[in-house]
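Have a look at the sequence and the fold first, and then read on.

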Amino acid sequence: MSQQTSTTETGSDLSRRELLQHSGLGIGSLAMAGLLAKCGQAAAPPNLGSRTTALKPKPHFPPKTKRVIHLFMNGGPSQMDTFYPKVELTRRHGQPLPDSIKQQLQLTQRRRVGTVFGSPFKFQRYGECGLTVSELFPNVARHADDLCVIHSMQGEVANHTPGLLLTNCGHSALPRPSLGSWLLYGLGNESDELPGFMVLCPNGLPTAQTRNWTSAFLPGIYQGTHIDTASAGKQLIPNLTRKDIRPGSQRAQVALTQFLNRRHQRKRPGDERLESRIRSMELAFRMQTAGTDAFDLSQESDHTIKMYGDTLQGRNMLIARRLAERGVRYVQIYHGAGQPWDNHSGIVPRIKQLTRDSDQPVAALLTDLKQRGLLEDTLVIWGGEMGRTPTIQTGPKDINKVGRDHHIDGYTIWMAGGGFKGGMTYGTTDDFAMAVAENKVELHDLNATILHQLGFDHRKLTYHYSGRDFRLTDVSGRVIDDILA
């Protein structure tokens, strides 16, 4: 009887006998695992092939931060209405912006600048540190002594796409790996059952879309996994589970597929795209249990659900905590699709709604992390890709219709946990909130400091590509020691 063969893409033959010799025991062990599981006995998860890991550096020194939760207020929240009141703006409310100050704006902003707009919201001091917070954030304000607030952030281009890419990837135009990808490349993944970098964005994608969490020239295994948390039904990850095949049969099917994949890979050494696809398939199989479990909020107590609020933003924050405690290194949460904080018009009613949606959930996340002992080594970041101007844009005079323009020369973010000092502010802007007056912080400085807390010298965390060593901070960046505990 002739021996049938199967031909690969390269033309080499794989006999049926060889296939059975190499994969038979593996399939048999999977069947045994299924039988043991049915009998209620513990069985190790199936070995779906060697999980090779791309060569990566080790931390340069002991990290103080193990994971990051980045709360991204995409669109750019107004610093004067949230965490940085300006008395001079209130005093000059309704007056034209002085020409000497107007000249500091970029040309497109200069053409549409209106009159000075003092914040209509009240501020008061909170905590032992006396941090000044707007009435828009009464719950977050109770964590004043945990917050490290930076008032002197500076961007490069006053537009959303370059701002998002600079914040996430360290470059405002060219494709570069995102911070989450660098983190995963440097530290590896704690979990074998969940992606190490997950992005929660309800109802669609933010501006710049998937480029915000790209791995670029890093291996694809370090790319972020996007989850639309507003998806209907319980299956937030499409096609994660299958109903057309029994679990035991699927295990055997995946094992056979991966056997063929690995054999194919051995003939193409160094193909990182192929390695990424193989590992993605393995991870997807393991996620069928872990993924559904991580997103199952019915496991949480009524008290916890009430603390976060049974809302879209509340569920986002609670999912982030569940992912973080399950070993996900970097969780990024966008407020919503597009740029919801881009308040060119109707800033007063819109910012009220935005903060009403997010204040309780964000405060609950900080409370929950602290109660569970996770805040100490979890860094929480809050902010957008830019801030807003101290003036309204030309147009309507109705306070419920006016809006603020983009502003990159002195906006505000805050951080909590992860070895950063709490109860402090860093940097200032001038009286008009127009330009940095003290302690300017560029995005490369911020990323250098974050990487430092993760155990890396940002100048040494590099990846060789296209003839040179790339890094997140390009050719600049400094660690801001003054904000580290």
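A cavity here is a set of points, on a 1 Å grid over the protein atoms alone, where a 1.4 Å probe fits but cannot get out, and its lining residues have an atom within 4 Å of a point. Grid points are joined across faces, edges and corners, and a volume is the space filled by probe spheres set on the points.

## The largest cavity

The structure holds 4 cavities of 30 Å³ or more, and the largest has a volume of about 130 Å³. Its lining consists of 16 residues, with His70, Thr167, Ile381, Leu443 and Leu446 lying nearest the centre.

Which elements supply at least two residues each of this lining? They are helix H5 (160–169), strand E11 (378–383), strand E14 (409–416) and helix H12 (443–453). Helices (H or I, at least four residues) and strands (E, at least two) are DSSP runs, numbered from the N terminus. H12 gives the largest share, 4 residues. By class, the lining has 10 nonpolar, 6 polar and no charged residues; Ala, Val, Leu, Ile, Met, Phe, Trp, Tyr, Cys and Pro count as nonpolar, Asp, Glu, Lys and Arg as charged, and the others, Gly among them, as polar.

## About the model

This is a predicted model, in which local features need pLDDT of at least 70 and side-chain atom pairs count only at pLDDT 80 or more, while totals for chains, interfaces and linings use all residues. Residues are numbered from 1 along each chain as its sequence is written, and side-chain values use heavy atoms, with hydrogens and water left out.

## The chain as a whole

The chain has 12 helices and 20 strands. Of its 485 residues, 53% are buried (under 20% relative accessible area; exposed is over 50%, and partly exposed lies in between, with a 1.4 Å probe and protein chains only). Among contacts (heavy atoms within 4.5 Å) with a separation of 6 or more, 78% are between residues 24 or more positions apart.

Why is H12 described as largely enclosed by the rest of the structure? The reason is that 10 of its 11 residues are buried. Leu443 and Leu446 are among these buried residues, and both also belong to the residues nearest the centre of the largest cavity.

The buried residues of H12 pack against strand E7 (147–154), H5, helix H6 (179–187), E11, E14 and strand E18 (441–442). After H12 comes Gly455, with a positive phi near 100°.

## Cysteines and Gln393

A search of the whole structure finds 0 disulfides, a disulfide being a pair of cysteine sulfur atoms within 2.5 Å. Cys148 counts as buried because its relative accessibility is 0%, and Cys169 does so at 4%.

Gln393 is found in strand E12 (residues 387–393) and counts as buried because its relative accessibility is 15%. The side chains of Gln393 and His344 are joined by a polar contact of 2.5 Å (a pair of N or O atoms within 3.5 Å; within protein, one must be able to donate a hydrogen and the other to accept it, and residues adjacent in sequence count only if both atoms are side-chain atoms). Leaving aside residues up to four places away in sequence, Gln393 touches Arg112, Gly114, His344, Gly403, Arg404 and Asp405.

Gln209 is a residue other than glycine with a positive phi, near 50°, and its place is in the loop between strand E8 (197–200) and strand E9 (225–227). Asp474, also not a glycine, has a positive phi of about 55°. Asp474 sits in the segment after strand E20 (468–470) and is partly exposed, with a relative accessible area of 27%.

Technical notes: On a 1 Å grid over the protein atoms alone, a cavity is a set of points where a 1.4 Å probe fits but cannot get out, and a pocket is an open set with protein on both sides within 12 Å along at least five of seven lines; lining residues have an atom within 4 Å of a point.
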